[in-house]
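Work through the exercises below with the structure in view. Try each task before reading its solution.

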Amino acid sequence: VVRRRLLQRYEHQPFISCLAGFYSCRWKRYQRGRTEPGKCCCKTVNQLKTRTDIVFCVGTAFCFSLVFLYMWGEAKNDYNNFDWYNYGNLGFWFLWSLVLLIVAAILFTYITLLLVLAMCLLAEGQQLYLHWSHKIGTFLVLGFSITALFILSVLWGDQWKTVRLSFQITAPYLHIGAITIMVLLSWPVALHAIRADKKVVQVIIVGPYLAILLFLFLIPLGMYSPCIREVGTLGPKPALIGHRGAPMLAPENTEMSFQKTIEHGGDGLETDVTISYDGIPFLMHDSTLRRTTNIKEIYPNDTAQNAALFSWDTLQELNAGTWFLKDKPFSCMGSLSRADQNQAMNQSIYKLSNFLRLADSQNKLVIFDLYRPPEKHPYRNSWINRTLEVILNESGIRPHLVLWLENDMRSFVQSVAPGFQQTMGSKAPVDDLLMDNIVKLNLAYTEMSSEDIRKYAEANITTNFYVVNEPWLFSLAWCSGAHSVTTNAVHTLKNLSLFLMTPQQYNIMWILTDLTSVLLISLIFAL
C-alpha cells in the first residue's frame, strides 16, 4: 500500500511541476508539500492577502478582456468606419480594426490560460507564486482592456448599442456557455467545500457559486429576441440597397461598384453626391479626393482641397480605382479575378446623371446623401436646385425610384417632384411624418426597434437601416420587420438563410440545459 501511494505520488508530481512551471516559472523548486482542498494554504494573513490579490487581479483582467473581446468582435459590422476614422487622422490606410481584434484575442487567450493554471494549482492545494513576468502581463491585459473600452466608449459610444442588439441573437448561446462553465467549476468548488473544516468556510465557498448558478438559471425569463417566434409569423426578407454600390467587390461609388450590386441582385443603390465647381453633380463620399483617387500623384499640392472646388474636367483626369487594389479597404475581401482587377484599375469618378440612368435602366431604387458645397462655391445656395435639374431634366429617371433624403427645402422639392418617395433620416412622431408626406425612414441600425418598426408600418411608413453587413445583424433586422437595409455586402446577404427558433424549441433547450447542469453538478457534489 505504501509503495502504491508513493508511486501515485511520484506520478502526480510531474503534473504539478508542469503547472507550477508555467504559472510561476519554478520548474524545479515547485512546492512538494500539499494542502488539502478546503484548507488554507497560506501560513500568515499577509500570504493569504497576497494570494487573494493575485487571484483578484487575474480574474479582473480576465473579465475586462472578455468584455472587450466580445464588444470588438460584435463591432465587426463597423470595422470599415473605424479604419476610415484612423485614415483621416493618420493619413494612410491600414486595417487597424483587424489588428485590434487579433491583439484582443491573444491577450484574452493568455489571461484565460493563466486563470486556468491558477485554478488547477488551487485545486491541487498548491500555493500561488505568480512570476513577475506574468504580473506584468496581467497588468498589461488589464490596462489595455480598460483603456480600449474607455476610448471606444468616448469615440464610438454607439457600439454599446450594437452589443445590446447582439444579445438578442447570442443570448441563448451565451446562456448555454455560462452554464457549461459553471458545471466545470463545480468540481473544484465541491472539493474545497466538502473538505473544509468549518461550516462558515463551506458557506463562503458554496454560497456565491449557488447564487450565480441560480441567476443564470433564471436569466432566460428576461430574454427577448424577435428571432424566437412561431413558424409562419416572419415577414418578407428586407430589400438590399448597395452602400456606395458593392464596395467589397469594386471601388466605392464607381460604375463598376453599382454594376456589381445589380449583378448580385441588389434592390437599390445608395451613394453620396457632391457638386463640382462648374455645377456637375458627381459621386464622392469624402470631403477630399485623397482616399479614393490618385490625386496625390496628379495634383500633389491639392490633396487637402475640398472635392467640390475642382472642375469636372479636372475630376475626369483622376483614377478612382487603383486605390482599391492597393489598400484593400475590407478585411473580408475575397480575391478578384484578373478581369475584375483590370476593370477596377480603369474606374473614374462617376457623374450623378450617369448613375441615375443606370438605376433607371435596371429599375433600381436610389437614395443619396447630398452635400452642400463649401463657402464661396458658385452653387452653394442653389445646390438643391441644380441637383433637381439633373434628376428631372437630364437623367430621365422615373420619380418613384428616387428616395429623397435631404431635409432642406423639402416642401419645394415636393412641389416640383411630387413623385419622389420622401424619406426622413431620423425618428419623429407619426403625425409629423404624415404631415410631411414621409413614406420611409432611413435610420442607423443602432436605432432598430421592432416596436417602432411595427408602429411606423401601421401608418404605411417603411424603415431602412444602415449600414448592415453582418449576417446576425441582417437576421435581426429581418426578424424585427425592417423593409430594407443598406449594406456593403449584397453578395453575401442576398442568399442568406435565416435560422428561426420557436418559443417551444427555446423553452425545451433552456429546460434541458438547466436540468442537465443540475444533474451533473449534483453528481459531482455527491462524489
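**Exercise 1. A charged pair**

Task: Are R244 and E252 buried or exposed? Then find what joins them.

Solution: Both R244 and E252 are buried. Keep in mind that this is a predicted model. Next, look at the side chains. R244 and E252 form a salt bridge, with 3.2 Å between the closest N and O atoms. Side chains of opposite charge can pair when their charged atoms come close. Now widen the view. R244 and E252 belong to a network of salt bridges that also links D272, D286 and R291. The structure as a whole holds 13 salt bridges.

**Exercise 2. Pairs along a helix**

Task: Why are K260 and E263 separated by about one helical turn? Compare them with K455 and D452.

Solution: Start with the helix. K260 and E263 both lie in α8 (residues 255-263), and they are separated by about one helical turn because they are three residues apart there. Their side chains meet in a salt bridge of 3.8 Å, N to O. Now check accessibility. K260 has 11% relative accessibility, so it counts as buried. E263 has a relative accessible area of 57%, so it is exposed.

Turn to helix α17 (residues 450-458). K455 and D452 are three residues apart in this helix, so about one helical turn separates them. They too form a salt bridge, and their closest N and O atoms are 3.8 Å apart. K455 is partly exposed, at a relative accessible area of 39%.

**Exercise 3. Domains and an interface**

Task: Into which domains is the chain divided? Describe the interface of domain 1 and domain 2.

Solution: First, the division. Domain 1 covers 11-156, domain 2 covers 157-225 + 501-526, and domain 3 covers 240-286 + 348-494. Second, the contacts. In domain 1, 18 residues are in contact with 18 residues of domain 2. Third, the area. About 1,500 Å² is buried between domain 1 and domain 2, and carbon and sulfur atoms give 62% of it. Fourth, the elements. On the side of domain 1 that touches domain 2, α2 (45-74), α4 (96-123) and α5 (132-155) each give two or more residues. That side divides into 12 nonpolar, two polar and four charged residues. Last, the pairs.

**Exercise 4. A buried asparagine**

Task: Where is N464, and which side chain does its own side chain join in a polar contact?

Solution: Locate the residue first. N464 lies in strand β8 (residues 462-466). N464 has a relative accessible area of 0%, so it is buried. Next, its partner. The side chains of N464 and T486 are joined by a polar contact of 2.9 Å. Then its neighbors beyond four places in sequence. N464 touches I241, K440, L441, N442, L443, S484, V485 and T486.

**Exercise 5. A proline and a serine**

Task: What does P220 touch beyond four places in sequence?

Solution: P220 is found in the loop between α7 (199-218) and β1 (239-243). At 6% relative accessibility, P220 counts as buried. Beyond four places in sequence, P220 touches H175, Y506 and W510. P220 and P172 are 48 residues apart in sequence, and their C-alpha atoms are 7.6 Å apart.

S353 lies in helix α13 (residues 352-361). S353 has 4% relative accessibility, so it counts as buried.

**Exercise 6. Backbone details**

Task: Which residues does a cis peptide bond join? Then examine phi at N253 and N363.

Solution: The cis peptide bond joins Y466 and V467, with omega about -25°. V467 is found in the loop between β8 and α18 (471-480).

Next, phi. N253 is not a glycine, yet its phi is positive, near 60°. It sits in the loop between β1 and α8. With a relative accessible area of 4%, N253 is buried.

N363 is not a glycine either, and its phi is also positive, at about 55°. N363 lies in the loop between α13 and β4 (365-370). At 46% relative accessibility, N363 counts as partly exposed.

Conventions: Residues are numbered from 1 along each chain as its sequence is written. This is a predicted model: local features need pLDDT of at least 70, side-chain atom pairs count only at pLDDT 80 or more; totals for chains, interfaces and linings use all residues. Side-chain values use heavy atoms; hydrogens and water are left out. Helices (H or I, at least four residues) and strands (E, at least two) are DSSP runs, numbered from the N terminus. Buried means under 20% relative accessible area, exposed over 50%, partly exposed in between (1.4 Å probe, protein chains only). Domain bounds come from an automatic or database domain assignment. Contact means heavy atoms within 4.5 Å. Buried area is the accessible area (1.4 Å probe) that two parts lose on being put together, summed over both. Ala, Val, Leu, Ile, Met, Phe, Trp, Tyr, Cys and Pro count as nonpolar, Asp, Glu, Lys and Arg as charged, and the others, Gly among them, as polar. A polar contact is a pair of N or O atoms within 3.5 Å; within protein, one must be able to donate a hydrogen and the other to accept it, and residues adjacent in sequence count only if both atoms are side-chain atoms. A salt bridge is a side-chain nitrogen of Lys or Arg within 4 Å of a carboxyl oxygen of Asp or Glu.
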